[in-house]
Amino acid sequence: YYNSWAKKYDDDVTVMTYRAPDAAVGKAATLIFEKEKKRFKILDLGSGTGLGGVSLRKFGFQGEIIALDGAAEMLKVAREKQIYSNCNEHILTSTQPLPYPDDTFDLIISVGVFGNNMIQPDCIQEVLRVLKQGYHFVLTIRMHSKSTEYQDRLEGELKRLEAIDLMAVASRKKFMCYNWKDVTADKELNHNDQFGHGSAYLYRLKYFNC
Ligand SMILES: C[S@@+](CC[C@H](N)C(=O)[O-])C[C@H]1O[C@@H](n2cnc3c(N)ncnc32)[C@H](O)[C@@H]1O
């Protein structure tokens, strides 16, 4: 699905004034000193066409950024932006762990990638494995009329990880992800089905590893 959308993706989300990457990266930027922004090694998990990378540069992150995505065509567009030092094609599942050693990243962002038919909540622990202790994983979750079951599972998994002292939900806020007023009547994109209410949660998870 994302492979076939890759070429039109950036144009389509521009029309929708897609705000999720700026929301996630803007939140991350408030947590990090300017000096650290220059050297942080960052993973853009489910990078798609690289809009997260664009936001990271916009908010002053100058270090190495690695993109990981399951869709080769999306990564091709991301690569053209010349922001990422590596673009890794990989589908993260509970049986296909991330291709990185423990404690690799200073920051992980994941924008609109945890959801139905995408990354499942039981992969969060694997994501935390590659994050350095005490550092942050910022993710957005799209609200969708059909995803209540997914959201329940996600919240259950977050509670489980907190209960075993692996991480804390450091903040959670609801924000508008899409500006519906600006959306044109594009028949090909079924906006209601694909983007539900146009809002998202932004979670900031702090990893403890102790
Ligand atoms: C809605 S797009 C978001 C892309 C980008 N983060 C953005 O905000 O524009 C979701 C992306 O997640 C990728 N994806 C979904 N499930 C994945 C998985 N299990 N492993 C790796 N990538 C996945 C898709 O290929 C797609 O590029």
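Student: Which residues in helix 2 are buried?

Tutor: Happy to start there. This is a predicted model, in which local features need pLDDT of at least 70 and side-chain atom pairs count only at pLDDT 80 or more, while totals for chains, interfaces and linings use all residues. Residues are numbered from 1 along each chain as its sequence is written. Buried means that 20 or more other C-beta atoms, placed from the backbone, lie within 10 Å of the residue's own; exposed means 12 or fewer, and partly exposed is in between. By that count, the buried residues of helix 2 are Ala20, Pro21, Ala23, Ala24, Val25, Lys27 and Ala28.

Student: How many helices and strands does the protein chain have?

Tutor: Helices (H or I, at least four residues) and strands (E, at least two) are DSSP runs, numbered from the N terminus. On that basis, the protein chain has 8 helices and 7 strands.

Student: Is Thr49 buried or exposed, and why?

Tutor: Thr49 sits in the loop between strand 1 (42-45) and helix 4. Leaving out residues up to four places away in sequence, Thr49 touches Ala6, Tyr9, Asp10, Met74, Val77 and Ala78, where a contact means C-beta atoms, placed from the backbone, within 7 Å. Because 27 other C-beta atoms lie within 10 Å, Thr49 is buried.

Student: Which element gives the most to the shell around the ligand?

Tutor: The ligand is surrounded by 20 residues, the closest being Gly46, Gly48, Gly70, Ala71 and Met118; a residue belongs here if its C-beta atom, placed from the backbone, lies within 6 Å. Helix 2 (20-31), helix 4 (51-58) and strand 4 each supply at least two residues of this shell. The element that gives the most, with 3 residues, is strand 4.

Student: In strand 3, what is the bridge partner of Ala67?

Tutor: Strand 2 (residues 65-69) and strand 3 run parallel and are joined by 4 bridges; strands pair if DSSP finds at least two bridges between them. Together with helix 5 (residues 72-80), these two strands make a right-handed β-α-β unit. Right-handed here means that, with the strands pointing away from the viewer, the path from the first strand over the helix to the second runs clockwise. In strand 3, the partner of Ala67 is Cys87.

Student: Why does Asp102 count as exposed?

Tutor: Asp102 is found in the loop between strand 3 (86-89) and strand 4 (105-114). Not counting residues up to four places away in sequence, Asp102 touches Arg129 and Val130. Asp102 is exposed because its count of other C-beta atoms within 10 Å is 11.

Student: What is the phi of Asp103?

Tutor: Asp103 also lies in the loop between strand 3 and strand 4. Asp103 is partly exposed, with 14 other C-beta atoms within 10 Å. Although Asp103 is not a glycine, its phi is positive, at about 55 degrees.

Student: And where is Gln82 found?

Tutor: Gln82 has a positive phi, near 55 degrees, in a residue other than glycine. Gln82 is exposed, with 8 other C-beta atoms within 10 Å. Its place is the loop between helix 5 and strand 3.

Conventions: Two residues are in contact if their C-beta atoms, placed from the backbone, lie within 7 Å.
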